[in-house]
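I opened a notebook page for this chain and wrote down each thing as I looked it up.

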Amino acid sequence: MRENISASDVTYVAEDGSPSIVALWNGREIGKLVYVDQGDGERLLSDVFVEKKIVLQQSLWANLRRRFSPGWGIVSASGLGIGTQLVQRFLLLCQQDAIREVFGNVTRDGDDSQPFLRGWYERLGFRIAPLDGRAEYGEVAYKVIWNPQGQQ
Ligand SMILES: CC(C)(COP(=O)(O)OP(=O)(O)OC[C@H]1O[C@@H](n2cnc3c(N)ncnc32)[C@H](O)[C@@H]1OP(=O)(O)O)[C@@H](O)C(=O)NCCC(=O)NCCS
């Protein structure tokens, strides 16, 4: 099975109920950005992820075949620009909603396992704010902050 995900087949849906933007491919959720309004024009980007392991077939036969060919019928949506799209659409929404500041926390685990995240956020227009070492931030490595143009 050689089905692959093409970025042009992905659609994005904003959901108001639990504030989020979802990336859909063939009706399946393959990525999601979740946010929370904090009041006073502040919005927390609480999570953004893109699936790295999408199992295309779940039949008994497919599962058996995977035992002998690991990875068969499994595709990744990572590295196709879907995470970038989710964040860009989110920032557009923030501008429409007249949000004053967006911020997110990158945990130490995330920083260790994905060192590219700093550059990724910076290219998307965020600035990196190092923590001042206060205990309440626990395992957070650094914050990322975004303001609409003209409010930096
Ligand atoms: C962070 C994340 C959402 C990025 O989504 P994505 O769709 O894979 O990323 P994109 O395709 O939009 O961006 C790709 C860029 O990120 C970088 N990147 C993404 N994955 C990478 C990897 N495994 N190794 C190195 N660089 C990587 C590249 O610099 C690439 O830039 P390029 O387009 O110039 O090559 C995704 O990796 C993910 O789900 N990570 C796990 C959850 C997470 O840590 N979220 C952030 C919480 S703070």
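Predicted model: local features only at pLDDT ≥ 70, side-chain atom pairs only at ≥ 80, totals over all residues.

Entry: the ligand. I asked which elements each supply at least two residues of the shell around the ligand. I found β4 (42-50), α2 (82-96) and β7 (101-107). I then listed the surroundings and got 16 residues, with Phe49, Ser78, Gly83, Thr84 and Phe116 as the closest. I sorted the shell by type: 8 residues are nonpolar, 8 are polar and none is charged.

Entry: the chain as a whole. I looked up the elements and found 4 helices and 9 strands. Read from the N terminus, the order is β-β-β-β-β-α-β-α-β-α-α-β-β. For the extent of the C-alpha trace along its principal axes I wrote down about 55 × 35 × 25 Å. The chain has 152 residues, and buried ones make up 18% of them. I also checked the contacts with a separation of 6 or more: 51% of these are between residues 24 or more positions apart.

Entry: the sheet. In what order do the strands of the open sheet run? I read β1-β2-β3-β4-β7-β9-β8, which is 7 strands with mixed pairing. At the edges I found β1 (10-15) and β8 (127-130), each of which pairs on one side only.

Entry: strand pairs. As a reminder to myself, strands of a sheet pair through backbone hydrogen bonds, either parallel or antiparallel.

I began with β1 and β2 (residues 20-25), which pair in the antiparallel sense over 6 bridges. In this pair alanine 14 stands opposite isoleucine 21 of β2.

I moved on to β2 and β3, which are also antiparallel and have 6 bridges between them. Here leucine 24 faces glutamate 29 in β3 as its opposite residue. The two strands form a hairpin with 2 residues between them, and asparagine 26 in the turn has a positive phi of about 55 degrees.

The last pair was β3 and β4, which run antiparallel and are joined by 8 bridges. Glycine 39 stands opposite glutamate 42 in β4. I found a hairpin here too, with 2 residues between the strands. In its turn, aspartate 40 has a positive phi of about 55 degrees.

Entry: the core. How many residues does the largest nonpolar core have? I counted 24. Those with the most contacts inside this core are Ile30, Leu33, Leu45, Ala77, Ile82, Leu86 and Phe90. I traced the core back to the elements that give two or more residues to it, and these are β2, β3, β4, α2 and β9. The largest share, 5 residues, comes from α2.

How values were computed
Residues numbered from 1 in each chain as written. Near = placed C-beta within 6 Å. Nonpolar A, V, L, I, M, F, W, Y, C, P; charged D, E, K, R; others polar. Pairing = 2+ DSSP bridges. Buried ≥ 20, exposed ≤ 12 C-beta atoms within 10 Å, placed from the backbone. Contact = placed C-beta atoms within 7 Å. Core = buried A, V, L, I, M, F, W, Y, C linked by C-beta atoms within 7 Å.
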